[in-house]
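Biologist: I would like to learn how to read a model of two chains, going from overall form to single residues. Could we take it feature by feature?

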Amino acid sequence: MSRPSLSRRSFLKGSAVAGVTAYLAPLGSDAFGALFEDRVLSPTNEAWQLAEGKMRFRLDGIAKVTGSKVFARDIRAKDMPHWPDQQSHAFIIRATRCDHSLKGINLSRLEQAGLMPDQLVTAEDMKRDKIEVPRFFGPDFFLAKGDTAAYLGYPVAMLIYHDFARYRLAKSRIRFADDVVTYGEQTPLPEKPPYGAFRYIRVGGETPFAEDTFSALQETVLYPDFRKRHPVWPEALENGKNTEKAMFYAQQLQDKLANAPDDWLVFEGEYNSQYTDHFAMEADNANCWFDQSKGDMHVVCGTQSPQELVNWMPEVLSNSSFQSRRFFLHPAYTVGYGSKDATIFPYYGLIAALYADGKPVRLANDRFEQFQATMKRHPFTMKNRLAVDRETGKFQVFKQDLTANGGGRANFSNSVAFVGATAAQSIYYMPNSDLTATAIYSRMPEAGSFRGYGTLQTMSATELMVDEIAGQLNMDPIDLRLRNVFKSGMKNTQGAIPAGHLRNEEILHKARNHSIWTERETRKQAYETAHPEERYGVGFACVQKDFGHGAESAFSEVRLTPEGRIEVRNTGAEMGTGYSTGQAAVVAAWLGRAADQVRTAEMEWDDMQMYETTSPYFISQEEQNKSIKDPRWTPLLLQASSASNSAYYFSFPTLEAARIIFRHGLWPAAQEFWQRGIGGGQSAPYVVREENARWEAGHLTARGMEPLSLEFLAKRAHEMGLITGVISHAFNRWEWSRADYEINGRSENLPLDGLAVQYGIGASEAQKALMTSKRGYHLLTRKNPYIPPTQRNNAGVTYYSGCGTLVELAVHTGTGKVSVLNHHTFLECGNTLVEQLVSGQIQGGIAMGIGHALYEEMPLYEDGPGNGTWNINRYHVPRASEVAVWQQTSEILPPLSRTDPPKGIAEVVMIPIVGAIGNGIAHAIGHHFRSLPITPDKIREVL
Amino acid sequence: MTTEQSKAAVIPTRPLKVTINGEAQPIEDIPEELMMLDYLHEYRNLTGTRFGCGRGMCRACTVIVDKPDGSSEEVRTCITGAHYFDGKTIRTVEGHAQRDEEGHIDALSTVQQQFLEHFSFQCSYCAPGFVNAATVLVERLQRKPISRSQLEGTISEALESHICRCTGYVRYFEAVRDAVLKTPGTTKEAS
């Protein structure tokens, strides 16, 4: 097979939208402001506490708590301006067998009830009308007659109704009927080669800080070919090509494990992580209207990746025989945990509209359909080997061979597998490692992006493994962790040095001194005396999770009006995490208070004239060197809102833009005021420097200067023609791009690869002549650009957030039921944008982690969700009583300084609780489980 | 393809009379099989009450039925037919805040205000169910106060069935505790 995709996003590129112009207008934007009740976001001045410099509530809070229309699911045709009022409805019927070919569909139940659909859409329509599935999502949209489904739940037909009542009744008539989809001859179960495989080999130097002997970052990652579904690795040659050298060192490590000295413990264990559902409460939906008279396609949906839809939906349209000229995407606020990132679902909404007789049509999954059809978490099998020096407890060689089951569509399976592998080291320094990740096809409904993205699986396994090893070494589990903890400046299993100071050691010390840990034996005795049928246990786990995709980019615009109003516009989407609130708050660092207006999911950045050419993950260094010469070229224009990327990466260009306005707008305006008067005014007796500037209660001061309000400074900056607006673009490949820009005659080196500025209303004629872009910006031309070398793609990760959790639990010896009694979490995340949002993420992540550790699981195949009968009556999502709602506590490590960057944390917070629960159960009953979830059945079997 | 309509369905309907958020709704013929959630969404365009599981388990679809005796109860609209509500008075999440004549919000209810200030929800899909459940609880405690020491247990019991996937429940529960404590007459000293 060809070299597998390393990219989570490579499919976004190269999609020329021939002949169809795309427009994007989020439902929270001005275009819909009058419609959606005061807009979704409250005025910032009601939420922002000036004195404390904090948010009192989330900006979308009032809309959300009063049941306003914030989700795409809430939208009906009559809500949309210029749409017809009549709303049609659609649903999909799906194949539930992969062992027979498709014969057809039998709608006699509907016919008898007078409930035949107004339109029926099948594979034949797709073929006739040339509607092709985007390559990333292959295979086809609908199963053709005579073909066998590649996975359970494969769409067979879509039924469209022009009135709700008939739609509703028809759907209920055939919901669980097994005679609607008819099958022909028996066929073998489908088989396909793996989606891809990766191998990261590292042999460290003399010390963790010395040069590596071999690493992926220095040399290469391995991508094997496959023959008969088995990987074919290069020959092992010490002095061969990098790939051959890699195999030489892999063999060396294998020999070390096979012939380990007597003073090594070589631990071996197979770990399994299960198949789970996101259970995002807003199930997938889309409401679309194809205005046949104009050739306009309108799409309302919730998405984590609007830029993907803007690129790919017009391509589907332009390739088809439908006469479509314009494409309008209206993304709404939503929730996904990954499930609305690169999902095929919205494309079915688009198809529905093409066949709905020119009427708006709504395709909205119910929960059975959602379980059947949406992406899931990849089940992992991990074969771990870890050699440990018995005397020192130091880890020597780590080998992992993991298989990620990706189901019937490839989606992000390759990257989930390799991200999982690169996280497997958890918080430990591994001097030697050999990590192989393989993503495989199967007939289960596809797996894709899901909070944790492979790392939940691998780090939970490692954390379970470390406790088991500690037991075998008769060592305290936290002591063993401390002996191996990854410290700042060390290299990860890819050979990269992570960004900044890592603080896992601090978390370990805090955990070791916490009363849950220090009193665990006395508490165990007391609890078991009071509850003779239960066994008490304390568990701990600690992980560090990367944030970001490896290639990150975002646009951001910050504008200051003459009245002192701050307006922010950028590319991130609101997924419920409080992104819009965070973006409003982040500018306060430079502008003294939160933004008055925030626009999210914005995709129109023509002012910058920037373009991309190929995948940032695949581009060669040579091509990058060539491309970089054009100042409008960037490796990546936009990134989706996922991988915990918003707090750091999406805030970055916003902060840079605000900083430029401060330095080139507000600060000179303030200096001009302070220097007014004879002898240099009030500032003359002091030395007032820019670094002395402080915002206090919305006023700027510096070394005792008269505090000046933002309103005053904004007015003056405008009058003086200073910089009052900035659009910035930033690109990160595990480090930021940089370039020189000439701003007001002064050259500055900035971590941006695109920049445009706007001068205030008092700008000179010469300045005004430069502001020629659509929004009135002066587009600057970068000089001496530095774009991180392509080799850094092999770093796998350099940005980490650390998180550890202690848990107290009890196991009922009769029923095997586990009760989580209490837990305490330590999180390192730099400076928080809005602390309550972070703590909310901790609490929510832990609940999801408890579900993964104890409850959530589904069969993969015929008995699993693909059969269409799954709902939460058989899939247990944690309730309040199961998460220690009143007892739990957490602490966010104070930042090292006010300059620490905010870090992405939405994923890391759900991971340590999983290992902690497993380790707590081991403390309670003396058995180390290696397969998740740890259900009462499994416990009873052991007991 | 356009399908052949061999016969049009005759869908049995009945007139439905219901009062929602203080307003008597126009009496319409509504299909007998229709669930109340569908009525709210498709006939009244009140979409704040959310569809979660369709089996009455997640409680995102909860509304309040106000009884003539002044008491109220939660009812799940995804599993309760619209005609069950004939002649009844209900409150949905859209009806709790005070609004001006143009429908703009003047003041949130105590429960809503506490949810807001506690950053209780994230995506908010489940928030309508929590608003209604917490409101029913607060009103019940006004009628029948409990001792302060029973409060956390009472909240746990009242909200246990409501599912939230984002928040881990903590900020909802803490907000409800504050809402109760800020509402006079809901708690009493333990006897």
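**Reading a two-chain model**

Modeller: Let us begin with chain B, in a model that is predicted: among its contacts between residues at least 6 apart in sequence, 64% join residues at least 24 apart. The secondary structure of chain B comes to 5 helices and 11 strands, its C-alpha trace spans about 70 × 35 × 35 Å along the principal axes, and 48% of its 191 residues count as buried.

Biologist: How many helices and strands does chain A have, and what does its radius of gyration say about how compact it is?

Modeller: In chain A there are 25 helices and 37 strands. Its radius of gyration is 29 Å, close to the 30 Å that the globule rule gives for 943 residues, so chain A is as compact as a globular protein of that length. The C-alpha trace of chain A extends over about 90 × 75 × 65 Å along its principal axes, and buried residues make up 59% of the chain. Of the contacts in chain A with a separation of 6 or more, 79% are between residues 24 or more positions apart.

Biologist: How should I read a sheet, and in which order do the strands of the open sheet with four members run in chain A?

Modeller: In general, strands of a sheet pair through backbone hydrogen bonds, either parallel or antiparallel. Here 4 strands of chain A form an open sheet with mixed pairing, in the order β22-β35-β36-β37. Its edge strands are β22 (534-546) and β37 (889-892) of chain A, each of which pairs on one side only. Direction ignored, neighbouring strands of this sheet are turned by 15° against each other on average. Strands β22 and β35 (residues 800-812) of chain A run antiparallel and are joined by 13 bridges; within β35(A), A:V811 is the bridge partner of A:R535.

Biologist: Which strands does helix α14 of chain A touch where it packs on the sheet, and which does α16 of chain A touch?

Modeller: Helix α14 (residues 504-513) of chain A touches β22, β35 and β36 (818-828) of chain A, and its direction makes about 25° with that of β35(A). Helix α16 (residues 520-530) of chain A also packs on the sheet, touching β22 and β35 of chain A, with a direction at about 140° to that of β22(A).

Biologist: What should I look for in a nonpolar core, and which residues have the most contacts inside the largest one?

Modeller: In soluble globular proteins, nonpolar side chains tend to be buried together. The largest nonpolar core in this model has 347 residues, and those with the most contacts inside it are A:V299, A:I351, A:A352, A:V587 and A:I661. Helix α20 (residues 646-674) of chain A gives the most to this core, with 15 residues. Leaving aside neighbours within four places in sequence, A:V587 has contacts that include A:V558, A:I566, A:T654 and A:A658.

Biologist: How many residues of each chain are in contact with the other?

Modeller: The size of an interface is often given as the accessible area lost when the parts come together. For this pair I can give residue counts: 59 residues of chain B are in contact with 60 residues of chain A. Helices α1 (36-43), α2 (110-117), α3 (127-143), α4 (151-159) and α5 (170-182) of chain B each supply at least two residues of the side that touches chain A, and α2(B) gives the most, with 4 residues. By class, that side of chain B has 31 nonpolar, 17 polar and 11 charged residues.

Definitions and conventions
Residues numbered from 1 in each chain as written. Chains lettered and ligands numbered in written order. Predicted model: local features only at pLDDT ≥ 70, side-chain atom pairs only at ≥ 80, totals over all residues. Rg over C-alpha atoms; globule rule 2.2 N^0.38 Å. Buried ≥ 20, exposed ≤ 12 C-beta atoms within 10 Å, placed from the backbone. Contact = placed C-beta atoms within 7 Å. Pairing = 2+ DSSP bridges. Axes fitted to C-alpha atoms, helices over the stretch in contact; angles between N-to-C directions. Core = buried A, V, L, I, M, F, W, Y, C linked by C-beta atoms within 7 Å. Nonpolar A, V, L, I, M, F, W, Y, C, P; charged D, E, K, R; others polar.
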